[in-house]
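Hi,

Here is the structure I promised to pass on. Have a look at it first, and my notes follow below.

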Amino acid sequence: MSNREQLKAVGEMCPDFTFDDSLNKKATMSTEESLSRSCEICSHWDVRNQKCRIDVFDDVLTSLDQT
């Protein structure tokens, strides 16, 4: 399972990141969350299974470790 820092770092660097427009309507989302990219707000993120639906999370995370 990924931690919040990893989700943010991957979200910031992921070339496939797509903001999930359905989250824009949630009142529980803070301003900070809406401004920063994170896997948690990406349309490719499977919230129930806590993983990327297009399977790029590990590749992006690995590329971060190498820089």
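How many salt bridges does the structure hold? There is one, taking a salt bridge as a side-chain nitrogen of Lys or Arg within 4 Å of a carboxyl oxygen of Asp or Glu. The partners are arginine 4 and glutamate 40, with their closest N and O atoms 3.4 Å apart. Arginine 4 sits in helix α1 and glutamate 40 in the loop between α2 (31–35) and β1, so the bridge ties together parts that are 36 residues apart in sequence. Glutamate 40 has 29% relative accessibility and counts as partly exposed. For that label, buried is under 20% relative accessible area, exposed is over 50% and partly exposed is in between (1.4 Å probe, protein chains only).

Before the rest, a word on where this comes from. It's a predicted model, so local features need pLDDT of at least 70 and side-chain atom pairs count only at pLDDT 80 or more, while totals for chains, interfaces and linings use all residues. Residues are numbered from 1 along each chain as its sequence is written, and side-chain values use heavy atoms, with hydrogens and water left out.

On the overall layout, the protein has three helices and two strands, and they run α-α-β-β-α along the sequence. These are DSSP runs numbered from the N terminus (helices H or I, at least four residues; strands E, at least two). Of the 67 residues, 30% are buried. The accessible surface is about 5,000 Å², with 48% of it belonging to carbon and sulfur atoms; that's Shrake-Rupley with a 1.4 Å probe, and for residues only the protein chains shown count as cover. If you take contacts (heavy atoms within 4.5 Å) with a separation of 6 or more, 60% of them are between residues 24 or more positions apart.

Now the inside. The largest nonpolar core has 14 residues, and Val10, Cys39, Trp45 and Phe57 touch the most other members. A core here is a set of buried Ala, Val, Leu, Ile, Met, Phe, Trp, Tyr and Cys residues joined through side-chain atoms within 4.5 Å. The elements giving two or more residues to this core are α1 (4–13) and α3, and the largest share, three residues, comes from α3.

Helix α1 is worth a look in the viewer. Its buried residues are Leu7, Val10 and Gly11. Down the helix axis they fall within an arc of 100°, so they line one face of α1 (the arc is that of the directions from the axis to the C-beta atoms). The face turned away from that side carries the exposed Glu5 and Met13, and the cover over the buried residues includes β1 and α3. Leaving out residues up to four places away in sequence, valine 10 touches Cys39, Phe57, Val60, Leu61 and Leu64.

Phenylalanine 57 is in α3 and, at 8% relative accessibility, counts as buried. Beyond four places in sequence, its contacts are Ser2, Gln6, Leu7, Val10, Cys39, Trp45 and Cys52.

That brings me to the one aromatic pair found in the whole structure. The ring centres of tryptophan 45 and phenylalanine 57 are 6.0 Å apart and their planes lie at 55°, so the pair is tilted. The rule is that rings of Phe, Tyr and Trp (its six-membered ring) pair if their centres lie within 6.5 Å, with planes under 30 degrees apart stacked, over 60 edge-to-face and the rest tilted.

Cheers
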